[in-house]
Amino acid sequence: MNFRIGSGYDVHQLVSDRKLILGGVTISHEKGLKGHSDADVIVHAVCDAMLGGAGLGDIGEHFPDSDPSFKGISSLVLMAHCRHLLQEKGYEVGNIDGTVFAQAPRISPYKKAMEENLARAAGVSVDRVNIKATTTEGLGFEGRGEGIGAHAVVLLQKLVQES
Ligand SMILES: [Zn+2]
């Protein structure tokens, strides 16, 4: 199989005593996401898509909340580890398409920096990464500002053997 596809979805709660980190970018906001790691919801969705595409389960199995070594860790480090797990199965990332669901703050000023961080962690050029953002028109938990959700799709392609 030359190609496989994976999808990931994640949600974290917005709380007042945390920094907001999205796609490895620290964003000025009155609240941040609650979680064991840095709670980078879009990176978690991308990790789940990478692992899912390779048939490697999910992020919770590889980086359990019960493990103190993952406390406060940058999720980009976890994503780089996911890349190595893919390599061991003979795959690399083809492209990443992710969407952040947040009523606030505005994500667009940070998208480019997020794409660059994700590309570095995935080991691909930045033109293979796309981050989108949408509000939910005030509806649901994202609309009420209770949390931020993220969805990602990742295409995996067979590693080309060096000859
Ligand atoms: Zn998460």
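Biologist: How do the axes of α1 and helix α3 cross?
Modeller: This is a predicted model, and in it the axes of α1 and α3 (residues 75-88) come within 10 Å and cross at roughly 10°. Angles under 35 degrees count as roughly parallel, so α1 and α3 are roughly parallel to each other.

Biologist: Which residues in α1 meet α3?
Modeller: On the α1 side they are V43, H44, V46, C47, M50 and L51. Their partners in α3 include L78, M79, C82 and R83.

Biologist: Nice. Is α1 largely enclosed or exposed?
Modeller: Largely enclosed by the rest of the structure, because twelve of its 13 residues are buried. Among them are V41, A45, D48 and G53.

Biologist: And how far does α1 reach from its first C-alpha to its last?
Modeller: α1 reaches 18 Å, close to the 18 Å expected at 1.5 Å a residue. Just after α1, G55 takes a positive phi of about 70°.

Biologist: Switching to the metal: what are the protein donors of the zinc ion?
Modeller: D10 through OD, H12 through NE2 and H44 through ND1, lying 2.0 to 2.1 Å from the zinc ion. Along the chain, the donors follow the spacing D-x1-H-x31-H.

Biologist: Where do H12 and H44 lie?
Modeller: H12 is in strand β1 (residues 3-15) and H44 is in helix α1 (residues 41-53), so the pair ties together parts that are 32 residues apart in sequence.

Biologist: Are those two histidines, H12 and H44, buried or exposed?
Modeller: H12 counts as buried at 13% relative accessibility, and H44 is buried too, with a relative accessible area of 8%.

Biologist: Buried or exposed, for A39 and E137?
Modeller: A39 counts as buried at 0% relative accessibility, while E137 counts as exposed at 69%.

Biologist: What kind of peptide bond joins A104 and P105?
Modeller: A cis one, with omega about -5°. P105 belongs to the loop between β5 (91-101) and α4 (111-122).

Biologist: Last one: what does UniProt place at residues 3-156?
Modeller: An unreviewed UniProt entry gives the domain "2-C-methyl-D-erythritol 2,4-cyclodiphosphate synthase" there. In the model, the end C-alpha atoms of residues 3-156 lie 6 Å apart, and the span is 31% helix and 31% strand.

How values were computed
Residues numbered from 1 in each chain as written. Predicted model: local features only at pLDDT ≥ 70, side-chain atom pairs only at ≥ 80, totals over all residues. Heavy atoms only, no water. Donors = N, O, S within 2.8 Å, 3.2 Å for Na, K, Ca; no water. Helix = DSSP H or I, 4+ residues; strand = E, 2+ residues; numbered from the N terminus. Buried < 20%, exposed > 50% of the residue type's maximum accessible area, 1.4 Å probe, protein only. Expected span 1.5 Å × (residues − 1). UniProt positions renumbered as here; feature names shortened; annotations may be inferred. Axes fitted to C-alpha atoms, helices over the stretch in contact; angles between N-to-C directions. Parallel < 35°, antiparallel > 145°, perpendicular 65-115°, else oblique. Contact = heavy atoms within 4.5 Å.
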